[in-house]
Amino acid sequence: MEDGIMTLDQGRIGKSYTVAALLLPPRMERRLESLGMTEGTSIDVLNNKNCGRLIIKVRGTRLALGRGISHGGVLTPESKPLSATRIAARRLYSMLIRAPT
């Protein structure tokens, strides 16, 4: 976890986070945004199963996400300023893109 940022699938049950960025294919990003999961939104992790399912609460609604989708959401603890987190999220995303496969 760099500078207090993490992906959705690393969130702990019972904790609240702020969405810093969605680093997903555009179609998936738009779908999550239409469900209310936008940058700056507060989320609560309700359940995080090791087999891949993640259940979160966004704007009063429960959402179940698969591991692939949950890996593309970047979070920060609610106490961290969002502007600094966005910069760190973009830096992390750049490193992931350049990483050898």
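Which residues does Thr7 touch, not counting residues up to four places away in sequence? They are Ser70, His71, Gly73, Val74 and Leu75, where contact means heavy atoms within 4.5 Å.

Before I continue, a word on the basis of these values. This is a predicted model, in which local features need pLDDT of at least 70 and side-chain atom pairs count only at pLDDT 80 or more, while totals for chains, interfaces and linings use all residues. Residues are numbered from 1 along each chain as its sequence is written, and side-chain values use heavy atoms, with hydrogens and water left out.

Let me turn to the sheet. Six strands form an open sheet in the order β1-β6-β2-β3-β4-β5, with antiparallel pairing. At its edges stand β1 (6–7) and β5 (61–65); each has a single partner strand, so one side of each lacks a neighbour in the sheet. Strands here are DSSP runs of E with at least two residues, helices are runs of H or I with at least four residues, and both are numbered from the N terminus. Two strands pair if DSSP finds at least two bridges between them. Strand β2 (residues 16–22) and strand β3 (residues 42–48) run antiparallel and are joined by three bridges. Within that pairing, Ser16 has Asp44 in β3 as its bridge partner.

I return now to Thr7, which lies in strand β1. Thr7 is buried, at a relative accessible area of 11%; buried means under 20%, exposed over 50%, and partly exposed in between, with a 1.4 Å probe and protein chains only. The side chain of Thr7 also makes a polar contact with the side chain of Asp9, at 2.3 Å. A polar contact is a pair of N or O atoms within 3.5 Å; within protein, one must be able to donate a hydrogen and the other to accept it, and residues adjacent in sequence count only if both atoms are side-chain atoms.

Asp9 leads us to the next topic. The structure holds one salt bridge, defined as a side-chain nitrogen of Lys or Arg within 4 Å of a carboxyl oxygen of Asp or Glu. The side chains of Asp9 and Arg67 form this salt bridge, at 3.9 Å, N to O. The pair links distant parts of the chain, 58 residues apart: Asp9 is in the loop between β1 and β2, and Arg67 is in helix α2 (residues 67–70). Asp9 is buried, with a relative accessible area of 17%, whereas Arg67 is partly exposed at 27%.

Finally, consider Gly4, in the segment before β1. Gly4 and Pro77 are 73 residues apart in sequence and 7.0 Å apart in space, C-alpha to C-alpha.
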